[in-house]
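Trainee: Could we go through this structure together? I would like to ask about things as I spot them.

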Amino acid sequence: MTANQSFKHALMQKDAQDPLYSFRERFQISEGLVYLDGNSLGPLPKSTPARLAQVAEREWGEGLIRSWNSAGWIDLPQRIGDKIARLIGANAGEVIVADSTSVNLFKVLAATLKMNAGRRVILSQRDNFPTDLYMAQGLIGLTGAHELLLVEAEDIAEAIDQNTAVVMLTHVNYRTGALHDMAAITQAAHAKGALVVWDLAHSAGALPVSLNTAQADFAIGCGYKYLNGGPGAPAFVFVAKRHQPKFVQPLTGWLGHANPFAFDATYAPADGILRALCGTPPVLSMAALEVGVDLMLEADTNLIRRKSLQLADDFIALVEQRCGRHGLQLVTPREPALRGSQVCFAHPQAFAIMQALIANGVIGDFRAPDILRFGFAPLVVRFADVWNAIDTLARILDECVWDQSVFTQKGKVT
Ligand SMILES: *Cc1c(COP(=O)(O)O)cnc(C)c1O
């Protein structure tokens, strides 16, 4: 056997022995499509459409407004939050589903500035996801009294000092896939009296997260990525139990009120995590998210992690074996313990190469300025997909398939 054949054979064997293999059947993914973008938009669980139809036709159509109570709509944010808590090492009552990741970040960030009044700095990483930086900038525009300090990933711990109110970080970097040591950074921040906000957009559902073991303060995360909640799914927010009595967030909508249906003229926060709520939950989107979360809860997170790292290891090795001469530069840490569930390569023609891949049935994504990003959602990606993706990638590079004008046209969303 050639090296390629034996690699392919080993991948097929891994599929045959994969304890998570049958999960793929639970999702709708067209035959022949290689989907390596579950980190951007998780695929559709096959049971979601029926649940959506039930919520629309029965609960909304027949139950009408009664369904807020009779179908438990009003409890969805907390009910799904309690389920997500199990995926991220939190307890029931510490997580709630609401709004978007960006909005939830604003809430918790504002709360930390109040809790650490007198300290002026929000510390973050220069290549954090832009919305996180933008939300911090917007908040600073309101307070007029803080500044956003951006440093490189390796300089974070050192940059924390007596003036740091909060360290705001994304656990797994969206562009490189590099994973922060949550416990170590949290500890370093606490040692200086700073709080930490963790963005779990690329962590929840992708790897075991232990918020409480790490003594995390606050976290936020995304419903439409690895949790498979559907496009624009609501997000979640975690507030550690010990902080909840002092958690004062500025988006004081009525559903975060202690007694919303008293219709008091004055805001008074609800006890516990409920005070993180603002307005009415998007019930249809919540219902879809719950299906995705329920499905995720059936899988063992340690198996998810093991498979995700194996997929990524094989992907890296095969790219190097088959596409080595084409100048793809690995920007994801090679060391498994230092990465999340994605692998990224830099290449000057990354955009056109990704467009050519997508046109040929391999969906990953491009991240400006020059990154090809491949996500490995272990419930849907098979080892055979690794082979097929790189077979296609090798052909696109070897034959310069990417070098056509159709592959340089950018849509609104890239
Ligand atoms: C995807 C992502 C978000 C998304 O924020 P939205 O408010 O849902 O648009 C936020 N932060 C990070 C790190 C992300 O990767």
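Trainee: Where is P369 placed?

Mentor: P369 is in the loop between β14 (365-367) and β15 (371-375), where strands are DSSP runs of E with at least two residues and helices are DSSP runs of H or I with at least four, numbered from the N terminus. The model is a predicted one, in which local features need pLDDT of at least 70 and side-chain atom pairs count only at pLDDT 80 or more, while totals for chains, interfaces and linings use all residues. Residues are numbered from 1 along each chain as its sequence is written, and side-chain values use heavy atoms, with hydrogens and water left out.

Trainee: And is the peptide bond from A368 to P369 cis or trans?

Mentor: That bond from A368 to P369 is cis, with omega near 0°. Most peptide bonds are trans, and most residues other than glycine have a negative phi.

Trainee: What is phi of L64, then?

Mentor: L64 has a phi near 50°, a positive value in a residue other than glycine, and L64 is found in the loop between α2 (48-62) and α3 (67-70).

Trainee: Changing topic, where does the ligand sit?

Mentor: The ligand sits in the largest pocket, meaning that more than half of its atoms lie within 2 Å of the pocket's grid points. A pocket is an open set of points on a 1 Å grid over the protein atoms alone, where a 1.4 Å probe fits, with protein on both sides within 12 Å along at least five of seven lines, and lining residues have an atom within 4 Å of a point.

Trainee: Which elements give two or more residues to the shell around the ligand?

Mentor: Those are α5 (101-115) and α6 (130-143), and each of the two also supplies at least two residues of the lining of the largest pocket.

Trainee: How many residues line that largest pocket?

Mentor: It is lined by 24 residues, and T101, F129, C222, Y224 and K225 lie nearest its centre.

Trainee: Which atoms of H202 and Y224 lie by the ligand's oxygen atoms?

Mentor: For H202, a polar side-chain atom lies 2.9 Å from an oxygen atom of the ligand, and for Y224, an N or O atom in the side chain is 2.8 Å from a ligand oxygen atom.

Trainee: How much of the ligand does the protein cover?

Mentor: The protein covers 87% of the 390 Å² of accessible area that the ligand has on its own, with areas from the Shrake-Rupley method and a 1.4 Å probe.

Definitions and conventions
Polar contact = N/O pair within 3.5 Å; in protein donor to acceptor, adjacent residues only side chain to side chain.
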